Amino acid sequence: MSRVGTRESALADLAVHGGRPVRQRLLSYGHQIIEQPDIDAVVRVLKSDWLTTGPVVAEFERAFADFVGARHAVAVSSGTAALHAATFAAGIGPGDEVIVPALTFAASANCVLYQGGRVVFSDVRAETLSIDPASARNGLSERTRAIVAVDYGGQPVDLQELTEISRERGLTLIEDASHALGSTYRGRRIGSIADLTTFSLHPVKQMTTGEGGVVTTDSDELALRLRTFRNHGITSDGRQREAIGAWHYDMVALGYNYRLTDFQCALGLSQLQRLPGWLARRSEIAQRYIEALSGVPGVQPLAVQGDRESAWHLFVVRLVPKRLRVGRTEVFAALRAENIGVNVHYIPVPWHPYYQGLGYRKGSWPAAEDGYENILTLPLWAGMTDADVDDVVAAVVKIHTAYTA
Ligand SMILES: *Cc1c(COP(=O)(O)O)cnc(C)c1O
């Protein structure tokens, strides 16, 4: 067959043009793993006296802190609550500026607005799509108080450079490690390095409590502020008062009810035990993708840096426009038609209508914006089989062949 003829038949084979899809059922980009020990642990707490603010919260916090190597872990009701607690603990208030990467989930920036602060969006590094320390430095002013650095996809940010900037300028370094539970930077677990590190326990993340979040810190003072904040700004909890037979309490700050229940913490404890195995499986799947895609020039995985280990929340690829005859929109639709649940992480936060209304102008973060136009997230979760991974690769190769330039 002629080259044109081959291409025509490759195009006709695509599910998006009526061909047979690579899979019969959609493979989602992320999914939780719930097994019998998780269910048993939750039921035990449901049958106990304490559904919330009981002993299992402290047990989970201790185990989580030990896992990441921090002095303190404070459990809260979501990753977003963790970020809000962190900006509160860092003392962010009206007039304060906080540096946040433009390419992240909206919650990384919203937590600054909750406290009345102003977000200064920073660009990212094109190879990793993580915050660019040079761009962060450019955003500094007299009013800068903190940096929210996001471990994009699970690969840790440039912690040495960001720590240096923070120390020089007296800033609080908040690491949004929603993607990075189990990641390491130069041999140290994420959660033990920044002033405050936040995690999300949403079902698509490395482990889950349904909804849930954790903030870790080595500072006794910051930990106390976090604990007060998640409980209405009150300095003691009900169980502590019951233990000493007292009724008096003080509300010392404007806090929220951001508590995590005991049955969620029981799920968390149970999941934490199997996390190391899940992290190993995530890494194995990522390596299979990297190897398989080395022969697919139009679809490039992000750069992996040798001094850090990713917990692989997301497997993000960048489409190479000059190698393909179609754009991201068409490739996305074609992969979905093959029943591969690809996604896009993320629309730049300042592009959202709410942030546009605050006056941010498109075009100010070239690497983040160009990255956004060309990225796709391939399915990656610990419960995927090798056959699932092969399906994703087969679909990518099929589409690449049909659309190659
Ligand atoms: C998931 C996520 C959050 C928010 O976590 P929730 O638990 O859903 O509130 C914040 N930042 C980033 C980068 C995330 O991926």
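Let me start with Thr 53: at 19% relative accessibility, Thr 53 counts as buried. The cut-offs: buried is under 20% relative accessible area, exposed over 50%, partly exposed in between, with a 1.4 Å probe and protein chains only. Thr 53 sits in the loop between helix H2 (36-46) and helix H3 (55-68). Helices here are DSSP runs of H or I with at least four residues, strands are E runs of at least two, and both are numbered from the N terminus. The phi of Thr 53 is near 55°, a positive value in a residue other than glycine.

Some housekeeping. This is a predicted model, where local features need pLDDT of at least 70, side-chain atom pairs count only at pLDDT 80 or more, and totals for chains, interfaces and linings use all residues. Residues are numbered from 1 along each chain as its sequence is written, and side-chain values use heavy atoms, with hydrogens and water left out.

Back to backbone geometry. Most residues other than glycine have a negative phi, and most peptide bonds are trans. Trp 312 also has a positive phi, about 50°, and is not a glycine. Trp 312 lies in the loop between strand S11 (308-309) and strand S12 (315-319). Trp 312 counts as buried, at 12% relative accessibility. Then there is a cis peptide bond, from His 345 to Tyr 346, with omega near 10°. Tyr 346 is in the loop between H11 and H12.

Now the whole chain. The protein chain has 14 helices and 13 strands. Its radius of gyration is 23 Å, close to the 22 Å that the globule rule gives for 405 residues, so the chain is as compact as a globular protein of that length. That radius is taken over C-alpha atoms, and the rule is 2.2 Å times the number of residues to the power 0.38. Along the principal axes, the C-alpha atoms fill a box of roughly 85 × 55 × 40 Å. Of the 405 residues, 57% count as buried.

Contacts next. Contact means heavy atoms within 4.5 Å. Take the contacts with a separation of 6 or more: residues 24 or more positions apart account for 73% of them.

Surface and charge. The accessible surface comes to about 17300 Å², and 52% of it belongs to carbon and sulfur atoms. Areas come from the Shrake-Rupley method with a 1.4 Å probe; for residues, only the protein chains shown count as cover. There are 40 positive and 44 negative charges, and their mean positions are 3 Å apart. Lys and Arg count as positive, Asp and Glu as negative; His and the chain ends are not counted. Each charge is placed at NZ of Lys, CZ of Arg, CG of Asp or CD of Glu.

Which residues of the largest nonpolar core touch the most other members? Leu 103, Val 119, Phe 121, Tyr 152 and Leu 196, in a core of 49 residues. By nonpolar core I mean a set of buried Ala, Val, Leu, Ile, Met, Phe, Trp, Tyr and Cys residues joined through side-chain atoms within 4.5 Å. Elements that each supply at least two residues of this core include strand S1 (72-76), helix H4 (79-89), strand S2 (97-101) and helix H13 (366-374). H4 gives the most to this core, with seven residues. Apart from it lies another core, of 47 residues, among them Ala 73, Val 120, Trp 278 and Leu 279.

Zoom in on Leu 103. Leaving aside neighbours within four places in sequence, Leu 103 is in contact with residues including Val 124, Leu 129, Tyr 152, Tyr 346 and Pro 348.

Pro 348, then. Pro 348 is in the loop between helix H11 (328-337) and helix H12 (353-357). Buried or exposed? Pro 348 counts as buried, at 0% relative accessibility. Not counting residues up to four places away in sequence, Pro 348 touches Ala 102, Leu 103, Ala 368, Glu 369 and Tyr 372.

Helix H11 itself holds Leu 335. Leu 335 counts as buried, at 2% relative accessibility. Leu 335 and Val 22 are 313 residues apart in sequence, yet 9.3 Å apart in space, C-alpha to C-alpha.

Last stop, Arg 241, in helix H9 (residues 238-244). Arg 241 is buried, with a relative accessible area of 18%. Beyond four places in sequence, its contacts include Ile 234, Trp 247 and His 248.
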